[in-house]
Structures are given as C-alpha cells and as structure tokens.
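User: I would like to learn how to read the features of a protein model, one at a time. Where should we start?

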Amino acid sequence: MSICTLWVVSPSSEVLSGNVFLEPIRESYHFSDKSLMYNGRVKKSRHQRRRSRYGVGDLSSFCLRESGLETPGRRLSGILHIIANPGRRNDMTSEQKVYDVVLKQAALINRQLRSRENLEVKPDIILPGNANVLNEAYDRCREVCAEYAKSFYWGTQLMTPERRLAIWADIYVWRRRTDELVDGPNASHINPPALDRWEARSEDVFTGQPLDMLDAALSDTITKYPVDIQPFRDMIEGMRMDLKKSRYKNFDELYLYCYYVAGTVGLMSVPVMGIAPESKATTESVYDAALSLGIANQLTNILRDVGEDARRGRVYLPQDELAQAGLSDEDIFAGKVTDKWRIFMKKQIKRARKFYDDAEKGVPELSSASRLPVWAALLFYRKILDEIEANDYNNFAQRAYVNEAKKLLAMPVACAKSLSFMIPQT
C-alpha cells in the first residue's frame, strides 16, 4: 500500500534481548532461513518483499521469544468474547458491541484527564539489558519505520518528537509484529496457541515486564499516555479470526473483522494523537471518528486487494450482498469485470466513503500537531477508491494506488484543513 494512515498502520516482527538480536526459533514453527539479520538489520530475499493486505511491505518474520512464558490460552472476556463464540451470541449488532469498547476507551481518557492527581500509578518498567536499552529500542523502531514504511515514516515527521516515538512503538512496530504472525512468510506455521502466547506477552508489556527492546519501548509509551490494553487484545482476536475464517456472510460480520484488524488502531492512537484543548466534541465522538477511519481504511484495503485475496482463497466481501448482485465466489475467482460487478463495487465504494466522511468529523478535534499527518493520510488513502473507479473496477488484475504526483496535489488540501480552527460543535 502506498500510504498508511497514522490511525491505521501495519506491524513488524523481530526479537531482541538487550543489545543482542536473537536467532529465529525453529523448534515449533520451522521458520525459513531465507531471512538473515546482520547488525540489527534484516536482509531479505527479493520474493519476501511482497505487499501486505494491511498496508506496507512485510519484514521477514522473526518468531516470538517464548522461553519462560506459559501458554495460558487466554481469550477475550466480556462483550467481545461473546462475539467470538457463536454459541453465546446475542441480538446486538457488531457495531453496537464495538461501540461499547469505544465508550470504555473514552471513559479511560476522561478519567485521566480530569483527575490527573489521582492517576493510576503505572508499573515500573523492567528493562531487558542495560540502561541504554530504551533509547536503542526507540531508535530501532525509527529504523524499522524508515526502511519499511517510508510514506508512514514521512508522515510521522510532521508530529512532535514525543508523539513520533510513541506512534512508532505503540502502533507501527507492535501491530506489524502481530500482523506478521498470520500474514508473514511463516504464517502457515502459526496456530492459535502461538497467538495465545503473544497475547500473554503483550499483557506482560502492560504490566511493565517487557521481554525485549521493542517491548520496552511500548511499555515506556503506555506510562506516558492513557493507552488501554483492550484494543491490543482485540487485534490479536482479529488474527485468530484470520486463521479460521475466509468468508463473511454479511456486512455485520465483516464490520467486526475490520474493527479487530484496523479499527483497533484508531482506538490505540487517540491517546497519543491527543485531543485539542479547545475542542467542544465529546471524547466518545473523537474515538468514534478514529474507529471510522480504521474501518474505512480496511474496507479500502479489501476492495483494492480482491484479486490478491482471491488467489489466496479468501473473499473479504459480504456473501449476502454478492448474492443479491447475482455474483458468487466463482465470479470472484474468475476475475472478470462485468456490469454486475461494477454495480456491486459502486455500492461497496459508497459505503467506504461514508466511513471516511464520519472519520473527517473527528480530525479537527485532534491536537493541532496531529491534524496534518492524519488529514494527509486520510486524503491519500481515500483516493485509492478513486483509482479503483479509474481502473473500471478491475481490482482483480490491477492494483489501485495513488502516485506521488497525486499525493503532492492533495497536500495543500490537507494543510488547509489542518490549519482550520473551526472546530465543529456537538
């Protein structure tokens, strides 16, 4: 993907201990030897530089260091656990269930902003290695972003230094590491217990017990911002869904998947982006807009990558809507652009644009230092839908992308929007 939004980006996977990079563990997963690490850099074979559905080129997957970790088989609890277990479903829609999470995240920020003197004491970080590890960890996060997500990295340069560090550690690196487990070169060797161990390890990060340098950067970030673990858990649940599900019977199911793998990043990002002091909007509405941007971007990914996903045996489109349009999986696999397909795609693009419209309402409410990169990313990403239309809806064989010239043309618009102090009233 040519650009990643600052509310929706992709993760990497590498493991360090102190100042030493660990060798890939092949015991459980039989990892390939095609990726080698020299002096903290990944050397990759050309075929490994494929493009991820979530947005940027993949880092070669280095497995989790699991020694010393139990396999607790942790699963989500509460509302989203019910969603993940069909036998316990209720009559609430996915949007209603997800919005409950939005309300909880907003409540967390409100508590911390209004009662700073009563802030929960964050745990001390137990750093692996020496006192220089944390600085080295942030520097490594920067290097990973600069090398493997150039557009995203450029966007982060528009942010304040502290927010830059937090976004690299909190959003980019952790999510990319998570994504690599099920979408990287060794995805076929990853199973649910491996995701359970990753979830347990992530929970350790939130209790101030990082296992490696990159974990330590995230642990440090959550001591500075009111970041909650629930979206992290939910994203891992999305990875579990990818292991067992390749069809979605309706948009309600697809919406939940989009929340898990992308909407969660919006919820993770709001505390770091910050809300403008002059904003009159409710915290809930800002979180809801961030969620909408995540959903919009993932829907854009899905529409852009129909052909790529079909070649992997996956169809991320509502089955009932395909049937209503007179289409089926066979038509997707055949990859022919027909009038029926054009009509179907127009409806899907219209829905994605509606989510972008909802997301735009929240960007002016962000802190002034965060508006430009988010506006730029939103506008760039939204233009992918225009490119799909320009390709006559041929997303089977043509990959829609926004070239550099069109990005440059969009920048004045992003600048103008970010400089506007006309914050909507709610």
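**Salt bridges and the rest of the fold**

Analyst: The structure holds 31 salt bridges, a salt bridge being a side-chain nitrogen of Lys or Arg within 4 Å of a carboxyl oxygen of Asp or Glu. This is a predicted model, in which local features need pLDDT of at least 70 and side-chain atom pairs count only at pLDDT 80 or more, while totals for chains, interfaces and linings use all residues. Residues are numbered from 1 along each chain as its sequence is written, and side-chain values use heavy atoms, with hydrogens and water left out.

User: What is the general idea behind such pairs, and which side chain does lysine 245 meet in a salt bridge?

Analyst: Side chains of opposite charge can pair when their charged atoms come close. Here the side chain of lysine 245 meets that of glutamate 253, at 3.2 Å from N to O. For cover, buried means under 20% relative accessible area, exposed means over 50%, and partly exposed lies in between (1.4 Å probe, protein chains only). Lysine 245 is partly exposed because its relative accessibility is 26%, whereas glutamate 253, at 14%, counts as buried.

User: Where in the chain do arginine 351 and glutamate 321 lie, and are they buried or exposed?

Analyst: Their side chains form a salt bridge at 2.7 Å, N to O. The pair links distant parts of the chain, with arginine 351 in helix α14 (residues 339–360) and glutamate 321 in helix α12 (residues 319–324), 30 residues apart. Both arginine 351 and glutamate 321 are buried. Helices here are DSSP runs of H or I with at least four residues, strands are runs of E with at least two, and both are numbered from the N terminus.

User: Which residue does aspartate 386 pair with?

Analyst: Aspartate 386 meets arginine 353 in a salt bridge of 2.7 Å, N to O. Aspartate 386 sits in helix α15 (residues 368–390) and arginine 353 in helix α14, so the bridge ties together parts 33 residues apart in sequence. Aspartate 386 is partly exposed at 33% relative accessibility, and arginine 353 is partly exposed at 21%. Salt bridges can also share partners: Arg177, Arg201, Asp212 and Asp215 are joined into one network in this way.

User: How many helices and strands are there in the protein, and what share of the residues is buried?

Analyst: The protein has 16 helices and four strands. Of its 426 residues, 58% are buried. A contact means heavy atoms within 4.5 Å. Among contacts between residues at least 6 apart in sequence, 79% join residues at least 24 apart. The accessible surface, by the Shrake-Rupley method with a 1.4 Å probe, comes to about 17700 Å², and 52% of it belongs to carbon and sulfur atoms.

User: How is the length of a helix checked, and what span should α8 have?

Analyst: The expected span of a helix is 1.5 Å times one less than its number of residues. For the 15 residues of α8 (residues 230–244) that gives 21 Å, and the end C-alpha atoms are 21 Å apart, which agrees. Helix α8 is mostly covered, with twelve of its 15 residues buried. Among them are Phe232, Met235, Glu237 and Arg240.

User: What is a nonpolar core, and which residues touch the most other members of the largest one?

Analyst: A nonpolar core is a set of buried Ala, Val, Leu, Ile, Met, Phe, Trp, Tyr and Cys residues joined through side-chain atoms within 4.5 Å. The largest has 110 residues, of which Leu254, Tyr259, Leu317, Ile332 and Trp341 touch the most other members. Helix α9 (residues 251–273) gives the largest share of this core, 16 residues.

User: What does UniProt list for residues 254–276?

Analyst: An unreviewed UniProt entry lists them as "transmembrane region". In the model, the span is 87% helix and 0% strand, and its end C-alpha atoms lie 32 Å apart.

User: Which backbone angle stands out at aspartate 392?

Analyst: Aspartate 392 has a positive phi of about 60° although it is not a glycine. Aspartate 392 lies in the loop between α15 and α16 (404–419), and is partly exposed at 36% relative accessible area. Tyrosine 393, in the loop between α15 and α16, has a positive phi of about 65° and is not a glycine. Tyrosine 393 counts as buried because its relative accessibility is 9%.

Methods
UniProt positions renumbered as here; feature names shortened; annotations may be inferred.
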